[in-house]
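Let's take a walk through this structure together, one contact at a time. Keep the 3D view open as you read.

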Amino acid sequence: MKLSSSPLSTIRFLNFNSPLIISPLSFNFPKTTFTHFPNFSIHTTTSSPAITAAESQLAPPKPLPHLPWLIVGLGNPGKKYNATRHNVGFEMVDAIAESEGISINNANFKALLGRGFIGNVPVMLAKPQTFMNSSGESVGSIVSHYKIPLKQVLVVYDDLDLPFAKLRLLPKGGHGGHNGMRSIIDRLKGSRDFPRLRIGIGRPPGKMDAVNFVLRPFNKQEREELEFTFERGIEAVRILLLEGFDKSATVVNSTKAMEQLG
């Protein structure tokens with residue numbers, strides 16, 4: 001019997017008298033749910049089911065795989081710094097991980113890492129453990145090792161110059177006096193061409209020193225407001241990865257749009 005040139009013709013018949021060994025590395029299926037079926041049609045006919053050359057030329061091309069994203073949250077390691085203003089980058093990444101079912105339980109490249117998917121886009125979440133001012137040691141190593149394009153590296157961090165709990169998504173820029181961002185830019189050979197999500201923590205009251213202010217915890221009211229900011233940030237990251245930077249920036253940087261998300 002002659003097999004037709006349909007996709008079924010690629011099936012191989014196994015010799016069941018010999019052991020079947022399948023390496024787990026042979027499969028790399030995304031842990032995601034299909035939202036639609038591939039765009040193909042089935043022709044019912046009594047003639048030969050073979051696909052003609054003309055029909056094969058009309059077959060839709062296979063979609064290109066999504067490039068992986070690296071999402072980095074900045075902060076300081078240790079209980080002393082938990083829940084402080086300078087660690088909102090850590091908290092945002094934790095919120096993304098919880099929302100998307102990603103476990104941040106691996107340690108490598110001087111960071112805590114988690115791998116998973118947002119939609120059908122592969123992501124790596126990272127929380128550098130180098131302390132804030134040396135964040136570039138970790139981020140630079142990850143980017144170099146995995147050869148991640150800088151446009152696929154999102155850095156999330158606190159910003160004194162933004163009103164409290166406000167978000168701002170930018171495609172690139174300088175460090176703005178933030179030592180963690182300064183370290184990252186230095187390690188990326190001066191390149192500033194990577195997106196960043198800034199989280200406003202407000203200005204210190206009165207004559208309080210900025211260094212002391214960023215290491216202070218949030219009060220109860222601020223913490224409640226910040227939870228809504230994290231929810232909006234999660235949605236902003238989803239839009240960024242699945243629909244593109246422009247759509248996400250329009251939503252994040254528009255007060256009205258963010259109020260609608262809330």
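In this predicted model, begin with D94 and K127, whose side chains come together in a salt bridge with an N to O distance of 3.0 Å. How accessible is each partner? D94 is partly exposed, at a relative accessible area of 33%, while K127 counts as buried, at 11%.

That contact is one of 10 salt bridges in the structure. Another one joins E137 to K110, with 2.9 Å between the closest N and O atoms.

Now turn to helix α6 (residues 220-243), where E227 and R223 are 4 residues apart, a separation of about one helical turn. An α-helix has 3.6 residues a turn, so residues three or four places apart point the same way. The side chains of E227 and R223 meet in a salt bridge, 3.8 Å from N to O. E227 is partly exposed, at 38% relative accessibility. Both residues also belong to a network of salt bridges that takes in E91.

Next comes helix α7 (residues 245-252). Which of its residues are buried? S248, A249, V251 and V252 are among the helix's residues that are buried. Looking down the axis of α7, you will find the buried residues within an arc of 165°, so they line one face of the helix. The face turned away from that buried side carries D246 and T250, which are exposed.

Finally, have a look at the second largest pocket, which holds about 500 Å³ of space. Its lining consists of 26 residues, and those nearest its centre are H86, D158, G177, H178 and N179. Three elements, β5 (153-159), β7 (196-200) and α5 (210-214), each supply at least two residues of this lining. What is the lining of the second largest pocket made of, by class? There are 10 nonpolar, 10 polar and 6 charged residues.

Key
Residues numbered from 1 in each chain as written. Predicted model: local features only at pLDDT ≥ 70, side-chain atom pairs only at ≥ 80, totals over all residues. Heavy atoms only, no water. 1 Å grid on protein atoms, 1.4 Å probe; cavity = no way out; pocket = protein on both sides within 12 Å on 5 of 7 lines; lining within 4 Å. Points joined across faces, edges and corners; volume = space filled by probe spheres on them. Nonpolar A, V, L, I, M, F, W, Y, C, P; charged D, E, K, R; others polar. Buried < 20%, exposed > 50% of the residue type's maximum accessible area, 1.4 Å probe, protein only. Arc of directions from axis to C-beta. Salt bridge = Lys/Arg side-chain N within 4 Å of Asp/Glu carboxyl O.
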